[in-house]
Amino acid sequence: MTHPMPPLRCVLLSATFDLRALCPAALDAVSDVIAFVDDPTESPETVQLALAWQPADDALTRYPNLAALCSVGAGVDSLVTCPSLRPDLPVVRVVDPDQARAMSGFVLWHVIGHQRRFRTYAANQRARRWRYLAPPEPAAVPVGLLGYGKIGQRVATDLMALGFPVSAWSRTPREDGPGGVTHHHGPDGLRAMLAGTEVLINLLPLTRETRGLIDAAFLRQLPRGAYLVQVGRGEHLVEADLLGALDSGHLSGAALDVFATEPLPETHAFWEHPAVFVTPHEACHASERAIARTLRATAEAVRSGRRPPDTVDTARGY
């Protein structure tokens, strides 16, 4: 008679969130294969999995038998930079097609808002001013994507369906994704793309190379009047340099969903800047269904001695 395998022990690690409260349905959906550890004093040698988001620097030190470290989302920057991460420990990201769709909808909202001058109409409404503003055709508003993974490819597809010309930049050459996208890579490619971009969308992962990338010198390469949609990571952006580009008129505006400090401090200049649109890191989130699917696939891989699917390259950071 075959007896069912006992659930794998999984610890929840976050210095900023209660992960059990954040995704209760996901944890419940895999309770047949994973037992989540609530007691931090429980014998650490029994723990083989960890579900984490922004873990403490020493969070992984106590668990010598970890076989995989799972993120609760597509981003893994806080995991791969954790000082206690073992070089050989697989880090697993959540892949969720619904998340790409949600991000694309968020981005399209801001691209269309810039093209159709919605911010000006909002100001006109407050001033009770009836004034028609003839919008440019989408074909006259070139959009540039920083980053061209699964989410970037979905964004590109949806933008082109509306008539916007799309360019995309990645660290290395890419020829996959939808047809019609102009590809750029490397430093020269970045300069070329920025020079021809009116709306720039940052979808990059956070790595050593991309931290602080969007600074004053970077923003000066965009044409005057360009617009920034910042949905990557807050640490990509030098916030003071963006304020300078907005105040000088070089940039016409910015939609910011991620910030170096979250929640955004009440005293921050972004809150009241007339050219800035602030949202509280809500562009997209992995669904609990996708988190559960990732946890189950990871547990099955660990049991069979395989490398889990959707494991990232920790050296590259994505």
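Helices (H or I, at least four residues) and strands (E, at least two) are taken here as DSSP runs, numbered from the N terminus. The model is predicted, so local features require pLDDT of at least 70 and side-chain atom pairs count only at pLDDT 80 or more, whereas totals for chains, interfaces and linings use all residues. Residues are numbered from 1 along each chain as its sequence is written, and side-chain values use heavy atoms, with hydrogens and water left out.

Helix H4 (residues 97–115) contains both Asp98 and Arg101, which are three residues apart, about one turn of the helix. Their side chains meet in a salt bridge at 2.2 Å, N to O; the term denotes a side-chain nitrogen of Lys or Arg within 4 Å of a carboxyl oxygen of Asp or Glu. An α-helix has 3.6 residues a turn, so residues three or four places apart point the same way. Asp98, at 28% relative accessibility, counts as partly exposed, and Arg101 falls into that class at 43%. The classes are buried (under 20% relative accessible area), exposed (over 50%) and partly exposed in between, for a 1.4 Å probe and protein chains only.

Helix H6 (residues 150–161) holds Arg154 and Asp158, four residues apart and thus separated by about one helical turn. These two residues form a salt bridge whose closest N and O atoms are 2.9 Å apart. Arg154 is partly exposed, with a relative accessible area of 29%, but Asp158 is buried at 18%. Elsewhere, salt bridges that share partners join Asp98, Arg101 and Arg289 into one network.

A search of the whole structure finds seven salt bridges. One of them pairs Asp32 with Arg296, with 2.8 Å between the closest N and O atoms. Asp32 lies in the loop between helix H2 (24–29) and strand E2 (34–37), and Arg296 in helix H10 (residues 288–304), so this pair ties together parts that are 264 residues apart in sequence. Asp32 is partly exposed at 47% relative accessibility, as is Arg296 at 24%.
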